[in-house]
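Subject: Structure handover

Hi,

Here is the structure I promised to pass on.

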Amino acid sequence: MPCPALPDGFDFTDPDLLHHRVPHPEFAELRRAEPVRWIPQTGNVAGFQDEGYWAVTRHADVKYVSTHPELFSSYLNTAIIRFNEHIQRDSIDAQRLILLNMDPPEHTRVRQIVQRGFTPRSVRALEGRLRERARAIAEGARAHDGPFDFVTEVACELPLQAIAELIGVPQDDRAKIFDWSNKMIAYDDPEYAITAEVGAISAAELISYAMNMAAERKRCPAHDIVSTLVAAEHEGNLNSDEFGFFVLMLSVAGNETTRNAITHGMHAFLTHPEQWELYKAERPVTAAEEIVRWATPVVAFQRTATQDTELGGKLIRKGDRVGLFYASANHDPEVFDRPDDFDVTRDPNPHLGFGGGGPHFCLGKSLAVLEIDLIFNAVADAMPGLTLVEDPRRLRSAWINGVKELRVSTAG
């Protein structure tokens, strides 16, 4: 099988690449000819003081790495596949306090605590309130006379309100969460003029906000998830620091990703009008999962090999970084029939948009699916004639499939 020819210096984590497109043609070629491929990096562009990473592009291999944390660590170099060349190692190591970047058994301990907030019962308890919020968001957007930005008017609102509802953040503070989380992940996009230092300050402000909330709930418990997670710390709950980092993770994992899934989903509907007509008529419950597969908001995370091992016929050395390209796995023709078609009736749909299984499978999957389902039902009711005005403006990022602006109109 011939090795695929990629241009010299081609790097799947180059933020200029994702600024313009997800590299699906290159992913397809690697899946066909070299599903585990070494991608060299020079000049410390990713911040790890190494020579590059292995790109893992097949669904089966991404699942294998995800479900073998004893071989592939999230802790050693974190799950973020690319920072920037100026980051200091202690700044990378500090992120090990986030659940996303832990390994068992510490990961197991913290996850068992925080998953109390994401039980089916907890999510069902939110459904009625979130349905009303989704309806209000869609009806508010419908009031625009002319074109408007779907991202700011619709897509960002329900995820923020859901997080606020879940952990008891006053709705008036949701704009702060939005601003802090944007700054934490926008360091690669010059339009935002966000430096790594500004991102770090935003992270610190968010953590401080959450820690103060935890301290307040310890003094005066309320009937909310914060009180459940932080009360009686000696009985196995979170301390204030741990809660602060948990909220930081939620602000990205539960806000940025769901917002981008909703945005990409709306763009997919408007560029596949037959699917929008089908959705409006039938409201298939399978739609949310297909939207996540299609969007794959996190293009890639990484792991680091804990020992020499083999993957896809390649020898992975201890200490090598391994990129898990979910965007590629979610278009693997070995798993998905017609993977390049947007099909909201697709079933089964074993996509990896919530991770490849294993200990880091998305904690908030059920909440995210609920939010996506509620907002598209609300949009279909309130704005059935929504039309696309301009192509989306994409985020410049190394690992997030993000959209900054999607101009739409209710005329039509």
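Helix H8 (residues 157–167) is largely enclosed by the rest of the structure, because eleven of its eleven residues are buried. Buried here means under 20% relative accessible area, exposed means over 50%, and partly exposed is in between (1.4 Å probe, protein chains only). The buried residues of H8 include Glu-157, Gln-161 and Glu-165, along with Leu-158, Leu-166 and Ile-167. Helices (H or I, at least four residues) and strands (E, at least two) are DSSP runs, numbered from the N terminus.

Before you go further, this is a predicted model: local features need pLDDT of at least 70, side-chain atom pairs count only at pLDDT 80 or more, and totals for chains, interfaces and linings use all residues. Residues are numbered from 1 along each chain as its sequence is written, and side-chain values use heavy atoms, with hydrogens and water left out.

Back to H8. Just after this helix, Gly-168 has a positive phi of about 85°. Then comes Val-169, in the loop between H8 and helix H9 (174–185). Val-169 counts as buried because its relative accessibility is 5%. Not counting residues up to four places away in sequence, Val-169 touches Ala-164, Tyr-209 and Met-213, where contact means heavy atoms within 4.5 Å. Phe-269 is 100 residues from Val-169 in sequence, and their C-alpha atoms are 32 Å apart in space.

Ile-225 has 12% relative accessibility, so it counts as buried. From Ile-225 to Pro-15 is 210 residues in sequence and 36 Å in space, C-alpha to C-alpha.

Next, have a look at H12. With 28 of its 32 residues buried, H12 is largely enclosed by the rest of the structure too. Its length works out: at 1.5 Å a residue the 32 residues should span 46 Å, and the end C-alpha atoms are 46 Å apart, which agrees. (The expected span is 1.5 Å times one less than the number of residues.) H12 does have a kink of about 25°, centred on Leu-250; the bend at a residue is the angle between axes fitted to the seven residues ending there and the seven starting there.

Which helix gives the largest share of the lining of the largest cavity? Helix H12 (residues 240–271) does, with three residues.

Most residues other than glycine have a negative phi, and most peptide bonds are trans. Here are the exceptions I noted:

- Pro-104 to Pro-105 is a cis peptide bond, with omega near 10°; Pro-105 is in the loop between helix H4 (89–94) and helix H5 (106–114).
- Asp-347 and Pro-348 are joined by a cis peptide bond, omega about 5°, and Pro-348 is in the loop between helix H15 (326–329) and helix H16 (365–382).
- Thr-78 is not a glycine, yet has a positive phi of about 70°. Thr-78 lies in the loop between strand S3 (72–73) and H4, and counts as buried because its relative accessibility is 0%.
- Arg-283, also not a glycine, has a positive phi of about 50°. Arg-283 is in the loop between helix H13 (273–282) and helix H14 (287–295), and is partly exposed, with a relative accessible area of 24%.
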